Amino acid sequence: MTLITFGIRLAELRKTNKISQDKLAKSIGVHGAVIGRYERDEVKPSIEMAVKIANALNVSLDYLVGNTDLILDKDIINKIQEIQKLDDKNKEHLFALMNAFLRDHKTKQAYLQ
C-alpha cells in the first residue's frame, strides 16, 4: 500500500488546478523552491503554512494532510458552516429536502443503469 503524503497531495492538487509552483508560492508568500521541497516531502510546512496552502488550493486542510480522501471545496465547507448555525427546526426542514433530493437522484441513477 502506497502512503499518500502531504507532498503527493500538494503536487496532485497543484497540477490539477494548473498552478505552477512559483504561482502557488507567491500566493502564500514564499519562494517557489519551498513548494518543491514540500512536494518532495523534504520538509513539512508549519500548520500556518499548511492552512495557507489549503486556502490557496481551495480545499480542506483535512484533505491536504491526509485525514480524509474526500475533497471538500470551500463553498461546500461554507454551506456546512451555515447549516450548523441554523436552529433545529430549520435544520430538520433542510435535511428533509436534502434527503428527498438524494433519494430522487439515486432512483434516477438506478433507472439509467
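Here is a short chat about how the helices and a few residues of this predicted model get their labels.

User: What ground rules apply to the values and numbering?

Analyst: This is a predicted model, where local features need pLDDT of at least 70 and side-chain atom pairs count only at pLDDT 80 or more, while totals for chains, interfaces and linings use all residues. Numbering runs from 1 along each chain as its sequence is written, and side-chain values use heavy atoms, with hydrogens and water left out.

User: Why are α1 and α4 called roughly parallel?

Analyst: Helix α1 covers residues 6–16 and helix α4 covers residues 47–57, and they pack at about 25° with their axes 11 Å apart. Helices here are DSSP runs (H or I, at least four residues), numbered from the N terminus. Axes are lines fitted to C-alpha atoms over the stretch in contact, with angles from 0 to 180 degrees between N-to-C directions. The cut-offs are under 35 degrees for roughly parallel, over 145 for roughly antiparallel, 65 to 115 for roughly perpendicular, and oblique for the rest. So α1 and α4 count as roughly parallel.

User: What is the handedness of the crossing of α1 and α4?

Analyst: Left-handed. That term means the near helix is turned anticlockwise from the far one by less than a right angle.

User: Which residues of α1 and α4 meet?

Analyst: From α1 you get Phe6, Leu10, Leu13 and Arg14, and from α4 you get Ala50, Ile53 and Leu57. Contact means heavy atoms within 4.5 Å. The residues of this contact split into 6 nonpolar, no polar and 1 charged.

User: What makes a set of residues a nonpolar core?

Analyst: The residues must be buried Ala, Val, Leu, Ile, Met, Phe, Trp, Tyr or Cys, joined through side-chain atoms within 4.5 Å. Buried means under 20% relative accessible area, exposed is over 50%, and partly exposed is in between (1.4 Å probe, protein chains only). The largest such core has 18 residues, and Phe6, Leu10, Ile35, Tyr38, Ile53, Leu57 and Leu64 have the most contacts inside it. Each of α1, α2 (21–28), α3 (32–39), α4 and α5 (61–65) supplies at least two residues. The largest share, 5 residues, comes from α4.

User: How do you know whether Glu48 is buried or exposed?

Analyst: Glu48 lies in helix α4. Its relative accessibility is 55%, so Glu48 counts as exposed.

User: What stands out about the phi of Asp41?

Analyst: Phi of Asp41 is near 60°, a positive value in a residue other than glycine. Asp41 is in the loop between α3 and α4, and at 27% relative accessible area Asp41 is partly exposed.

User: And why is Asn58 called partly exposed?

Analyst: Asn58 has 35% relative accessibility, so Asn58 falls in the partly exposed class. Asn58 is in the loop between α4 and α5, and phi of Asn58 is near 60°, a positive value in a residue other than glycine.

Conventions: Ala, Val, Leu, Ile, Met, Phe, Trp, Tyr, Cys and Pro count as nonpolar, Asp, Glu, Lys and Arg as charged, and the others, Gly among them, as polar.
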